[in-house]
Structures are given as structure tokens and as C-alpha cells.
Amino acid sequence: MAGTSYKGTVIEDVDHFLKSDGLDSAREKEIGQHIGYRYDVNLVPDYDRLTPFLKQYMEHMGWDDLNWLEDVHMGYEEGHPAVFDRNINGWVRVPDTIELPDNQQDRDMIARELLIKFQMSPNHPLVQLRQAYMKF
Amino acid sequence: MAGMSWTPDLDYGKSQETRARDLGMNTEPLTGRSMEVFFEPAEEENFVYPWAKDVDFNKRTELDADGLTTTEVNAKIRELMDQGYGTIVIQNPRGKHSLGVGILNRLNLIIEGSTGYFSTGLIDGPNVRVNGRVGWSCGENMMSGTVVVEKNAGSTFGAAIRGGDLVCKGHVGSRTGIDMKGGTIIVGGDTGALSGFMMQRGRMVVCGNAGKNLGDSMYDGTIYVGGKIRSLGVDAVEAELTQLDQAWLTRKLTQYGLMPEQGVGHFTKIVAGKQLWNYDNLEPTEKKLIL
């Protein structure tokens, strides 16, 4: 089924990486580290599940679709839901106050919305890095 | 987080080293400080970066590139964005290399003609239309936005692309999407050999035929091909085209006016066989050698 595969196997439970440490294979248990992504990087978005915020963002940017956000998914870091921010090369944890939907598509939309809010914030670390190191 | 804020009065005339030091970004003051940022999602409602230029898509101007160097054209684009122009038309590009690179802003950029190598690379946000052909490595390292090329493109189209939509309505050369790490590359015609070489993620859609060694050594990502595939590369395997894939393809191809008459049901989906993910088999042996 699309959207639930990783490393050639199938994620049956959308909460797999929240309920367990994700160390399933003998090799993963041996090294104490999960191998591969904790979500399906190839999952294409279901546009019926767009949030109002994302629709506004698309309109503001002049895009007819999610554009680069199609590659953004909700992942899981140390048992917490998180989204990867390419601008800081790190995970940003989703606040505990946000209730997670029961499917990956809706979770991905939440992750996209949070990532935009975080990246465009004046508190984002890139703001200061840019001031210090920008070339032009 | 303390100290993480925009400093509009910072003197940019100073050297980079001095600026970094003034902001406390050297080893000594950072010792013991946390890089953790506490963020409240409800407080933020911005759609653009804090430093983005405020442009209006309805404010349009033209820029004649004739007689200007590439650097002058690119600097002029920035000047026009500073003045609030959100739609810029470049006339007489005359195949210049590196046109429109490094634009980190929302913008409609229209290039009336053909460009040379590395055009519109490293962009983050703009919508670009090239009403001609492009040379090698168009959209290289693109982060977000859209680039639509009306005619043919050279080799390494979308090399190392990270995000956004890169569209060529004609044919493209070889090594399309080499090392791509995200985003979508759409080719209306055929693509050459070794397309998707070392692809890591993202999506490539080829409406025509694909040359030999398609998806060679791909680690992840998806390639959809509407025509014939001359041969698959190492570890590229065929996968089932799902309903979700078809819905996404239909939406994407319709958006760019490339929807085939017969629909998308005939597309072949290629993914990584992941047999190259063999470090988990190699490492135990290495570990034994060390121990």
C-alpha cells in the first residue's frame, strides 16, 4: 500500500515509532539504531486533506500545489513526532499540545504547516546565521 | 532563545568575520549555551522569510539583457525586487549562463528567449518561465518554486534539486535529476541515459521515453515513465502504480498542460530496490575485524 512502506517492509501501524523504539530487525537491535526512514519518503500528498493555512501559503507564493512541501512528512524522533527542517539540518519536535490524526497524510499536512511557521519565524536560527554569514 | 533575533542595525560593511564575532558566533561565547529554540506555533503567521523583499506580482517591468553581463543582469533583478517589482521579464537573454540564479524570494520571472548553462539554479521561491531552450544543469540545486521551460533542455537537468517543480515541455539530455534529493522534475518529451542516477528522493515524471540505465544506483525516490524504458540501471525496479500515484500524476500533469490524452494509467513506476542499502550487512563483519 502506498505510503506505508519503508526498507521493503510495511508499517502496519501509523503509531509504530511512537509506541516502540523502532528496532525491529536483528541488525537494528544489535546496533541499537533504526535503519532507514521512519516514514515513507515517497508518499505523494493527498490534496483533499490540505489545511486552510497551506492553501493560503500556496496562494501567497503563486503556486498551484504544495511545491517543495510535497517532500515534507511527519517523522518521529526519540518517540516524539517531529518534522525535519532542511534549513537547520535538524528535527523540530511537534508540540505535545497538538493532537495527532490517525493517518499519515493528515499528519504530514500538520508537519508542513508547522514547518512553514517555524522557518518563517524571526526566531528561526537561520535569521542570525544569515546575518553573520550571508554573501550578498 | 537568547540572542536569536533580527538585528537591522548590523553594519554589513564589516567583514564576515567581524559580523560573526559581533553576533557572538564564535567558539568561546557559545560554550555552555543551548541551540534549542522554543517556538510557539500559534504566534507565527508568516508566509515568507523575515528578510524577504516585499514584492507585488501585479507590479511588472522589463529588463533588456542585451549588452549586460550575467552578473549585471542578476544584480538588476535584485534591484528591481527591492523596488517592489513582482513580475520581471528579461528580454534578449542571448544564451547567457547562470541567469536568474540565487533568487530567494517570491517572484514571477519570465525569460523571453534561451539561456545557457546553470540557469535559475539555487532558487528558493520564484516562479520562472523560459520561453526558449536551456543549457546544461538548469535548476541545479533548486530549493523551491517552479521553473517551466517551453522547449528543450540540456543534460543534467535539475541536478541535485532539493525541492520545487522543474518542468521541461520538450526533450532533455542525459543524467536528468542526477543526485536529486527532493522536488519534482517533469519532462514532456524524452529523457537521455542515466536519468535519475544516484537519486535519493523526490519524483521524476517522463511523459516520453527514457534512455538506458534509468535510475541507476538510486537510493530512494520515484520515477514515472509514460513511454518506453530502454533499460533500468542497477537496483532500479518496477513498482505498482497506485490510485494515489495516478491522482497525483493527473493533478501535476494537468497543472502544466502535459496531461496525455490516454490518461496516466499506462505510466510505469520505478523505485529503488534498496539492495544497495547493504551497510547493515557489511558493518557486522567490519565490527568483528575491529574487535
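Start at a pair of helices in chain A: H3(A) and H4(A) cross in the left-handed sense (the near helix is turned anticlockwise from the far one by less than a right angle; clockwise would be right-handed). You're looking at a predicted model, where local features need pLDDT of at least 70, side-chain atom pairs count only at pLDDT 80 or more, and totals for chains, interfaces and linings use all residues. Residues are numbered from 1 along each chain as its sequence is written, while chains are lettered from A and ligands numbered from 1 in the order in which they are written.

**Stop 1: the helix crossing**

Select residues 52-61 of chain A for H3 and residues 104-119 of chain A for H4; their axes come within 9 Å and cross at roughly 55°. Helices (H or I, at least four residues) and strands (E, at least two) are DSSP runs, numbered from the N terminus. Axes are lines fitted to C-alpha atoms, for helices over the stretch in contact, and angles run from 0 to 180 degrees between N-to-C directions. That angle makes H3(A) oblique to H4(A) (under 35 degrees is roughly parallel, over 145 roughly antiparallel, 65 to 115 roughly perpendicular, the rest oblique).

Now show the residues in contact (C-beta atoms, placed from the backbone, within 7 Å). H3(A) brings A:Phe53, A:Leu54 and A:Tyr57, and H4(A) brings A:Met109, A:Arg112, A:Glu113 and A:Ile116.

**Stop 2**

Next, pick residues 74-77 and 80-85 of chain A: strands E3 and E4 run antiparallel, joined by four bridges. Strands count as paired if DSSP finds at least two bridges between them. Which residue in E4(A) is the bridge partner of A:Glu77? Click on A:His80. Two residues lie between the strands of this hairpin, and A:Glu78 in the turn has a positive phi of about 50°.

Carry on to E5(A), residues 90-93, which pairs with E4(A) in the antiparallel sense over four bridges. Here A:Phe84 stands opposite A:Trp91. This hairpin has four residues between its strands, and A:Asn89 takes a positive phi near 55°.

**Stop 3: the sheet in chain B**

Switch to chain B, where 11 strands form an open sheet with mixed pairing, in the order E1-E2-E3-E4-E5-E6-E7-E8-E9-E11-E10. Find the edges at E1 (56-64) and E10 (236-239) of chain B, each pairing on one side only. From one strand to the next, the twist averages 15°.

Zoom in on E2 (residues 85-91) and E3 (residues 108-112) of chain B, a parallel pair with five bridges. There, B:Ile88 has B:Leu109 in E3(B) as its bridge partner.

Notes. Two residues are in contact if their C-beta atoms, placed from the backbone, lie within 7 Å.
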